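The briefing is written for a reader who is new to structural description.

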Amino acid sequence: MTEKTFKPLPLGNEDFVSLRNKGHYYVDKTPYLKNVFTEPSSVLLFTRPRRFGKTLLMDMFATFLTIGEDGSDNREYKEKLFDGLEILKDKEFTDEYMGQFPVIYLSLKSVDGQDFKDAYGKLAELVAGLGEQFSFLKESEKISKEQKEVLSILKNQVTLQNPDYRFILTGALKTYSNCLYKHYGKKVILLIDEYDVPLAKASEKGYHYEMVTLISQFFDFMNITPNNNEYEAYPIEKIVLTGCLKVA
């Protein structure tokens with residue numbers, strides 16, 4: 001009788017690349033790539049309970065879609081990661097989407113604190129981390145000197161915590177999107193995980209009003225519509241958010 005062998009369970013692992021490289025079990029949700037990114041809506045919100053696999057799903061999206069710093073699609077590497085998964089059977093979609101987009105992927109689950117000042121600092125830390133990730137933009141010849149100065153501020157967590165720079169902090173996603181669009185000449189996909197955590201935590205700890213104002217400003221770039229004069233220059237292809245709350 002042949003002894004059965006089992007793969008390791010990915011307990012607590014929300015990192016798609018790590019999970020695949022370590023040979024863990026993975027429930028194949030790659031068909032959602034086509035469902036989500038060929039959907040005509042420009043903004044999508046997925047609401048599911050905690051521990052439902054939202055973060056792993058978003059991480060898989062980012063892994064599949066993200067273009068290399070040098071503009072390459074990293075096709076060979078990505079095909080190894082996705083080997084045996086359903087999405088690779090759809091060659092037309094894979095050719096059009098795999099490694100073809102600049103992606104901004106962030107989770108707001110760490111934007112929490114005992115008071116508004118603490119939570120504000122966590123948001124500044126998160127934005128500064130994106131600044132490190134996109135530091136290559138400062139070398140781009142397609143980005144203006146003025147925008148590079150803003151990018152320098154966005155990398156500095158201490159400066160971002162200064163209320164005088166709040167407008168730069170809250171405009172971070174718009175700045176990064178515009179710069180990535182100029183650098184690559186391709187519209188950006190924005191993935192925001194746990195979008196509602198800062199608001200839920202703020203409600204628990206008594207600073208909900210301040211956090212609603214801050215997060216509303218942080219997401220303000222989403223308000224651009226086809227009737228807005230800025231629409232022609234809108235640098236975002238699609239925005240996908242996850243959270244527990246339908247309306248926050």
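Predicted model: local features only at pLDDT ≥ 70, side-chain atom pairs only at ≥ 80, totals over all residues.

Residues are numbered from 1 along each chain as its sequence is written, and side-chain values use heavy atoms, with hydrogens and water left out. The protein chain contains twelve helices and four strands; helices (H or I, at least four residues) and strands (E, at least two) are DSSP runs, numbered from the N terminus.

**The chain as a whole**

- Of the 248 residues in the protein chain, 44% count as buried. Buried means under 20% relative accessible area, exposed means over 50%, and partly exposed lies in between (1.4 Å probe, protein chains only).
- The protein chain exposes about 13600 Å², and carbon and sulfur atoms supply 50% of that area. Accessible areas come from the Shrake-Rupley method with a 1.4 Å probe; for residues, only the protein chains shown count as cover.
- Among contacts in the protein chain with a separation of 6 or more, 74% are accounted for by residues 24 or more positions apart. Contact means heavy atoms within 4.5 Å.

**Helix H6 against helix H12**

- Helix H6 (residues 116–133) packs with helix H12 (residues 208–218) at an angle of about 20°, and their axes are 10 Å apart. H6 is therefore roughly parallel to H12.
- Axes are lines fitted to C-alpha atoms, for helices over the stretch in contact, and angles run from 0 to 180 degrees between N-to-C directions. Angles under 35 degrees count as roughly parallel, over 145 as roughly antiparallel, 65 to 115 as roughly perpendicular and the rest as oblique.
- H6 passes H12 in a right-handed crossing. A crossing is right-handed if the near helix is turned clockwise from the far one by less than a right angle, and left-handed if anticlockwise.
- H6 contributes Phe116, Ala119, Tyr120, Leu123 and Val127 to the contact, and H12 contributes Glu210, Met211, Leu214 and Phe218.
- The residues of this contact of H6 with H12 comprise eight nonpolar, no polar and one charged. Ala, Val, Leu, Ile, Met, Phe, Trp, Tyr, Cys and Pro count as nonpolar, Asp, Glu, Lys and Arg as charged, and the others, Gly among them, as polar.

**Helix H11 against helix H12**

- The axes of H11 and H12 come within 8 Å and cross at roughly 165°. The two helices H11 and H12 are therefore roughly antiparallel to each other, and their crossing is right-handed.
- On the H11 side, Pro198, Leu199, Ala202 and Ser203 meet His208, Met211, Val212 and Ile215 of H12. The residues of this contact of H11 with H12 divide into six nonpolar, two polar and no charged.
- Val197, Pro198, Leu199 and Ala202 are the buried residues of H11, and the buried residues of H11 pack against H12.
- Gly206 follows H11 and has a positive phi, near 90°.

- Most residues other than glycine have a negative phi.
- Asn74 has a positive phi, near 50°, although Asn74 is not a glycine. This residue, Asn74, belongs to the loop between helix H3 (54–65) and helix H4 (75–81) and is partly exposed, with a relative accessible area of 36%.
- Glu194, also not a glycine, has a positive phi of about 55°. The loop between strand E3 (188–193) and helix H11 (197–205) holds Glu194, which is buried, with a relative accessible area of 9%.

**Other individual residues**

- Thr242 lies in strand E4 (residues 236–243) and is buried, with a relative accessible area of 2%. Leaving aside neighbours within four places in sequence, the residues in contact with Thr242 include Leu45, Met58, Ile192 and Glu194.
- Phe136 is in the loop between H6 and helix H7 (145–154) and is buried, with a relative accessible area of 16%. Beyond its neighbours within four places in sequence, Phe136 is in contact with Glu69, Leu180, His183 and Tyr184.
- Phe136 and Asp70 are 66 residues apart in sequence, and 9.6 Å separates them in space, C-alpha to C-alpha.
- Ser216 is in helix H12 and is partly exposed, with a relative accessible area of 43%. The C-alpha atoms of Ser216 and Thr170 are separated by 8.8 Å, with the two residues 46 residues apart along the chain.
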